[in-house]
Amino acid sequence: MADFMGLMKQAAQLQSKMQAMQAELDTIEVEGTAGGGMVTVTLSAKGELKGVKLDDSLMKPSEKEILEDLLVAAHADARRKAEGVLQEKMKAVTGGLPLPPGLGLG
């Protein structure tokens, strides 16, 4: 019975650490860029879009398709960075233990 109680205590500690990590991820921001810095997208580490910066030279009707493509590329770059931050934070919380995808996230 003592083993079960110890396991429950560890689970409660892990849950507390996960909640703290989730709150921290809301405050961490990453930037993704495309087009040599002509487009910058800012995301939270959880993937929430926080901002977009566009170079003035892209604000022409003839550049619309290029701008759309660069926005997608910058978002993808930022998303990869956000996922990297998330993985590092998860390692810190779980001590490197592998956990099923999506456990307690989102």
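Is Ser-44 buried or exposed? Ser-44 is buried, with a relative accessible area of 1%; buried means under 20%, exposed over 50%, and partly exposed in between, using a 1.4 Å probe and protein chains only.

Before I continue, a word on the source. This is a predicted model, in which local features need pLDDT of at least 70 and side-chain atom pairs count only at pLDDT 80 or more, while totals for chains, interfaces and linings use all residues. Residues are numbered from 1 along each chain as its sequence is written, and side-chain values use heavy atoms, with hydrogens and water left out.

Let me place Ser-44 in its strand. Ser-44 lies in E2, where helices (H or I, at least four residues) and strands (E, at least two) are DSSP runs numbered from the N terminus. Contact here means heavy atoms within 4.5 Å. Not counting residues up to four places away in sequence, Ser-44 touches Leu-25, Asp-26, Ile-28, Glu-29, Lys-50 and Ala-82.

Three strands form an open sheet in the order E1-E2-E3, with antiparallel pairing; two strands pair if DSSP finds at least two bridges between them. E1 and E3 stand at the edges with a single partner strand each, so one side of each is left without a neighbour in the sheet. From one strand to the next, the twist averages 15°.

Strand E1, residues 29-34, pairs with E2 over 6 bridges. Glu-29 stands opposite Ser-44, and Val-30 has Leu-43 as its bridge partner. The hairpin of E1 and E2 has 4 residues between the strands, and Gly-35 takes a positive phi near 65° there.

On the other pairing, 5 bridges join E2 to strand E3, residues 49-54. Lys-53 in E3 is the bridge partner of Thr-40. The hairpin of E2 and E3 also has 4 residues between the strands, and in this hairpin Gly-47 takes a positive phi near 100°.

What lies across these strands? Helix H2, residues 64-94, lies across E1, E2 and E3 and runs at about 145° to E1. Axes are lines fitted to C-alpha atoms, for helices over the stretch in contact, and angles run from 0 to 180 degrees between N-to-C directions.

Next, the nonpolar cores. A nonpolar core is a set of buried Ala, Val, Leu, Ile, Met, Phe, Trp, Tyr and Cys residues joined through side-chain atoms within 4.5 Å. The largest has 11 residues, among them Val-30, Val-41, Leu-43, Leu-67 and Ala-82. E1, E2 and H2 are the elements that give two or more residues to this core, and H2 gives the most, with 5 residues. A second, separate core of 7 residues includes Met-18, Ile-28, Met-90 and Val-93. Ala-34, a member of the largest core, touches Val-39, Leu-70, Ala-73 and Ala-74, leaving out residues up to four places away in sequence.

Finally, Thr-33 of strand E1. At 38% relative accessibility, Thr-33 counts as partly exposed. Thr-33 and His-75 are 42 residues apart in sequence and 7.6 Å apart in space, C-alpha to C-alpha. Neighbours within four places in sequence aside, Thr-33 is in contact with Val-39, Thr-40, Ala-74 and Asp-77.
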